[in-house]
Amino acid sequence: MIRFERHKLGNGLRVIAHHDRGTPMVTSNILYDAGSRDEDPGATGFAHLFEHLMFEGTSNIPVFDAPVMMAGGENNAFTNNDLTNYYITLPSNNLETALWLESDRMTGLDLSEGRLMTQKSVVTEEFRQRYLNQPYGDMLLLLRPLAYKVHPYRWSAIGMDISHIERADSGSLIRFYNRYYNPSNAILSVAGSVSPDEVFMLADKWFGNIPAGESNGRLLPAEPMQDERREITVHRPVPAAHLVMAFHTAGRNSREFYILDLVTDILAGCDSGRFPDQLVRSRELFSEADMYLSGEIDPGLVIFSGRLKDGVDIRKAEEAVKEELGRLASGPVTSAELEKARNRYESHRLMSYLSASNKAFSLAFHELLGDAGGINTETEEYMSVTAEEIREASSRVFRPANCSVIYYLPEKR
Amino acid sequence: MKPSAIKTAPAIITPSAGDTSFPEKTRLGNGVPVYLLGNGAVDLLRIEFVFNAGQLVENVHLAASATNAMLTEGTVTHDAVSLNDLIDRTGAVFNHTADKDNAGLVTVTLTRKLEEVMTLAEEVLFHPSFPEKEFRMLTEKRLQAFLTGRQKTSVIAREVFYQALCGERNHYGRITTPDDYMSLTTADLKEFHSRHYRPDNMYITVAGRNPDQALQVLQRHFAGTGTGEWQKPVIPELIFESAGPGMIFREVGNSVQSTVRMGWKGITRAHPDYQGLQVATMILGGYFGSRLMRNIREEKGYTYGIHAVAGAFHGIGFITIMTDVANSYRDDTVKEIKKEIRELCINEVSGDEMALVRNHLMGELARMFDGPFAMAEAIRGVIDYDAGADYFTRFADTVRTITPGRIKELFNKYFNIENAFEIIAGAK
């Protein structure tokens, strides 16, 4: 049980405080309800580029990192399709430095052309390093536009195309900043050895006088139901073929999310899962076979990802995956499989509680979903999943017409 | 322009490293050292077994990592499938660790499953069966991963760097080929296992809430009769035949970026300059605002990241700078790296920069000691390389007292730009 207190400032900033007495540190985590799903299809990668600019300093604090380091802290951020998240972890007696820095860059960011030019170049190199110069690096970039035709999940947080980053101008970035970087569109979560009363007092001191701005209130087009199998084949300079199969699922706040999360654990979460056991060990089709949820807030994907063994026909491999998924839809999982998944959930949940920064983000994320208390109630969601729910959800989701497939093949030599 | 928040900075309290004292060491009945790290907040125990069973002691290349990976692929009492089923039912994590100098197993378990998990840990560490079918599958998988690595400029550059620096007649500089995977046999693994996975060749760390509750269980499983008394690990003598410094280019066809790696021979942990060199390297390329990051990333935009590290194995230390840049930027990147080093050899860092790095390192030390799980990871390097129980306390002292003059001296002593290894892996 993670105890926390919640308070909303007059300008709409939601503040969550978790008192962790076991650490000398504290994490200030600020989550903005703005991700790549909020971008214009002609200007993708903006939310992430903006994250880079948030480290570029203000007229008041020209070098963002300097005070963090002087205070003995470390900081970073990430952007995904749903949100942008910034965190600073530092000795708890310096919490105020973190709040000063966050409140300052919520209002006074330096968006000059020079800073922008450099970060466009840095992001271009990030794109190359993480997606183009890595074997199999572009696989998920290919998957999104295949699986989504309408919803903005059809592009990755890094952007649809690198030319969008190259074209980004400071005018649209300033609009993005003014629109989304406001107290009413943010959640501040603080976890560490500071009492909630002090957290609320300091939050009010540093953020209280910032005008509310607008909350997101996004209206996104729903992805229409997929009604036929989609497939693409690409050839790349890689040593082994790779199969990706993705199925549409319900959103993060649905019961289906928890059911399928356990399903992916039963299939591929551990070495004795059905995929390692059947597809890797017994039938020797794959050298590794994974399955996971994309985990997005709007309806997302459940993704199979498997590296083929040499000489295996990819269509035969795909048939074997379908057979395993079909087995879930036709018969119940065993009580031993369910118990294993529950034990694994319990130990992984406790492991995630070891770090105050994990707890800080998790609380903010659940608050974004609607209630920070979800961090505690989701245990019951997992523990109560039944074999029948698994069978029913599997037959609903793992249908051929709901599937997008990538055959990622080695270039012919 | 938005209306701004309060501008006045709050006062910063100078961070301290906190309590950096080394954990209590006790021993099992047969002498196996056990380090206890307490005060965990949740009902989990992290128990790590470390053996002097890395590449350092192998006679056949790749035997150490293959032996380690095969531990959970079947034992004398359970085949691979039922063994993994038993492990997974406990909810525990079994992580294999195999590096250049050591190998072992990290287990993380719910406290209530401790007995079951240690029974399984004893089984996989001391009674593996190395079945042929699982070994063949593992070999195929490892070979596939190796070939995938051949496509990565960063992997190629790292390999070439350590080969040039250490020479090929030791495990740090040795080059791996597909044949190394294909010629390895289960007989090699069985031989390696019987020689090195022994209670008299290991130590254990226990981290979590009330770690001493694990002692009795460990005693039962790892201090049985007839296993011999624990001995201080023997480090074999190593031969280093470094190539001369200079520029080496390796072509990686079609790569959109090149990896640039520069470096020098460094010093080992026992050297009086070692800790100072850590601070110097931090200034050059150890944090977001470091000299190299500011220049190559934040001013030029050539890269997503550039880092400098000073480290050490047994018998040899190294200093290395690494970055991935577009092919067209790589020459200028090398030039700029040299420019930054030259600057640090000529001019002392300012008091502000010195204070920044001091405080940052103090914060890092505090984070390394933030909770028993973090500490268990931090102390590994100190134990494995016999760096002394006062290592972190001495490091905190160095960080507090080192001067800009001393930093400049270290740059002149260890970063000789005329004499660097320069590796570039990328498209022609």
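User: How are the residues and chains labelled, and which parts of the model count for local features?

Analyst: Residues are numbered from 1 along each chain as its sequence is written, and chains are lettered from A and ligands numbered from 1 in the order in which they are written. Because the model is predicted, local features need pLDDT of at least 70 and side-chain atom pairs count only at pLDDT 80 or more, whereas totals for chains, interfaces and linings use all residues.

User: Which domains does chain A have, and how many residues of domain 1 are in contact with domain 2?

Analyst: Domain bounds come from an automatic or database domain assignment, which for chain A gives domain 1 (5-207) and domain 2 (230-410). The centres of these two domains of chain A, taken over C-alpha atoms, are separated by 28 Å. Two residues are in contact if their C-beta atoms, placed from the backbone, lie within 7 Å, and on this basis 33 residues of domain 1 of chain A are in contact with 25 residues of domain 2 of chain A.

User: Which elements of chain A give two or more residues to the domain 1 side, and how do its residues divide by class?

Analyst: Helices (H or I, at least four residues) and strands (E, at least two) are DSSP runs, numbered from the N terminus. On the side of domain 1 of chain A that touches domain 2 of chain A, the elements giving two or more residues are β2 (14-19), β3 (25-32), β5 (84-91), α5 (139-147) and β6 (186-192) of chain A. For the classes, Ala, Val, Leu, Ile, Met, Phe, Trp, Tyr, Cys and Pro count as nonpolar, Asp, Glu, Lys and Arg as charged, and the others, Gly among them, as polar. That side of domain 1 of chain A divides into 17 nonpolar, 10 polar and six charged residues.

User: What does the domain assignment give for chain B, and which element has the largest share of the domain 1 side?

Analyst: Chain B is assigned domain 1 (24-222) and domain 2 (246-426), with C-alpha centres 29 Å apart. In chain B, 26 residues of domain 1 are in contact with 27 residues of domain 2. The largest share of the domain 1 side in chain B, 10 residues, comes from α5(B), and by class this side has 13 nonpolar, eight polar and five charged residues.

User: How many residues of chain A are in contact with chain B, and which elements of chain A take part?

Analyst: Between the chains, 67 residues of chain A are in contact with 66 residues of chain B. The elements of chain A that give two or more residues to this side include α3 (95-107), α4 (113-132) and α12 (335-352). The residues of the chain A side divide into 28 nonpolar, 22 polar and 17 charged.

User: In what order do the strands of the sheets in chain B stand, and which strands are at the edges?

Analyst: Strands of a sheet pair through backbone hydrogen bonds, either parallel or antiparallel. Two strands are taken to pair if DSSP finds at least two bridges between them. One open sheet has five strands in the order β7-β11-β8-β10-β9 (chain B), with mixed pairing. Here β7 (246-251) and β9 (303-312) of chain B stand at the edges, each with a single partner strand, so one side of each is left without a neighbour in the sheet. Strand β8 (residues 257-266) of chain B runs antiparallel to strand β10 (residues 317-326) of chain B, joined by 10 bridges, and B:R261 stands opposite B:M322 in β10(B).

The other open sheet has six strands in the order β1-β2-β6-β3-β5-β4 (chain B), again with mixed pairing. Its edge strands are β1 (24-27) and β4 (93-98) of chain B, each pairing on one side only. Six bridges join β4(B) to the antiparallel strand β5 (residues 103-110) of chain B, where B:F94 stands opposite B:T107 in β5(B).

User: At what angles do the helices α3 and α8 of chain B, and α9 and α10 of chain A, cross?

Analyst: Axes are lines fitted to C-alpha atoms, for helices over the stretch in contact, and angles run from 0 to 180 degrees between N-to-C directions. Angles under 35 degrees count as roughly parallel, over 145 as roughly antiparallel, 65 to 115 as roughly perpendicular and the rest as oblique. The axes of helix α3 (residues 114-126) and helix α8 (residues 215-222) of chain B come within 10 Å and cross at roughly 25°, which makes α3(B) roughly parallel to α8(B). The residues of this contact of α3(B) with α8(B) divide into five nonpolar, two polar and two charged.

In chain A, the axes of α9 (residues 255-269) and α10(A) come within 5 Å and cross at roughly 40°, which makes α9(A) oblique to α10(A). There A:I266, A:L267 and A:A268 in α9(A) meet A:R274, A:F275 and A:P276 in α10(A).
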